[in-house]
Amino acid sequence: MAGVTRPDIAYAVNLLSRRQVAPTVGDFQEVKRILRYLRGTTNEGLVYRANESDMEVFTDSNCESSKATSGYVIRIFGDTVAWRSKKQSVVNTSTCGAEYYATSEACQEIISLDKALRDIAGRTFYPVTVRCDNRSAKSCIEMEGSHKLKCFDVPTHEIQSVIEERARTGIKVPMSMTHGDFIKQCVKENRVKVTWVASKDNLADIMTKPLPSPTHKALKIKINNKENTDT
């Protein structure tokens, strides 16, 4: 349900799923809290209106531990079609790095979706607008290299072969090999256009952290596409 019809519980489900190996009584209480919330909001769900003509993506991350939580919300024609809340697989040394990594993951999903939709819609959605609420991460995309992204590199078992290949051909390994350059490649090829968005307007905020009830409700209404309607 969290990944199909109820994006508003995606973060809570993701967080509790990490504790399945050694669950506590407190975790069980939180699971029951989610079930009570679902029972009280059975009329909630996604609304599809197709009032717009493009693809729009919101990305976010939250460093609540050594490995941050990534999140994104993807909207096509103004309607929410995909979202994700997950723990990052790497340790980032800065908030900027965590945000950049989250944006990189979203860009991979954008490419996959666009390829799938071309036969259906008869068009491409490139360039897709990607909205990030971290100015440092956005700045890193606009510069060649960045010390804030120094933790991104190819796997250690591939480094020597990469060095040998470059010495033999004089060609660098494709930029898509590293998260640190993947978004830049997407921008350069006009696949995405990264813009800054205020945190209060970032729909992906609901995917990365527990929010105050009014904030959670406001973002849920926007994600479900129920603004300015009583449905």
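So, helix 1 (10-17), helix 2 (25-40) and helix 7 (213-223) each put at least two residues into the lining of the largest pocket. Helices here are DSSP runs of H or I, at least four residues, and strands are runs of E, at least two, numbered from the N terminus.

Quick caveat: this is a predicted model, so local features need pLDDT of at least 70 and side-chain atom pairs 80 or more, while totals for chains, interfaces and linings use all residues. Residues are numbered from 1 along each chain as its sequence is written, and side-chain values use heavy atoms, with hydrogens and water left out.

Back to that pocket: about 620 Å³ of space. A pocket is an open set of points on a 1 Å grid with protein on both sides within 12 Å along at least five of seven lines; a cavity is a set where a 1.4 Å probe fits but cannot get out, and lining residues have an atom within 4 Å of a point. Of the 20 lining residues, A12, R33, I34, P210 and H216 are closest to the centre. By class, we get 11 nonpolar, two polar and seven charged.

Now the cavity. There's one of 30 Å³ or more, and strand 2 (69-76), strand 3 (79-87) and helix 3 (95-121) each give two or more residues to its lining. Among the lining residues are Y72, R84 and E105.

Last stop, helix 2, where V31 sits.

Terms used. Grid points are joined across faces, edges and corners, and a volume is the space filled by probe spheres set on the points. Ala, Val, Leu, Ile, Met, Phe, Trp, Tyr, Cys and Pro count as nonpolar, Asp, Glu, Lys and Arg as charged, and the others, Gly among them, as polar.
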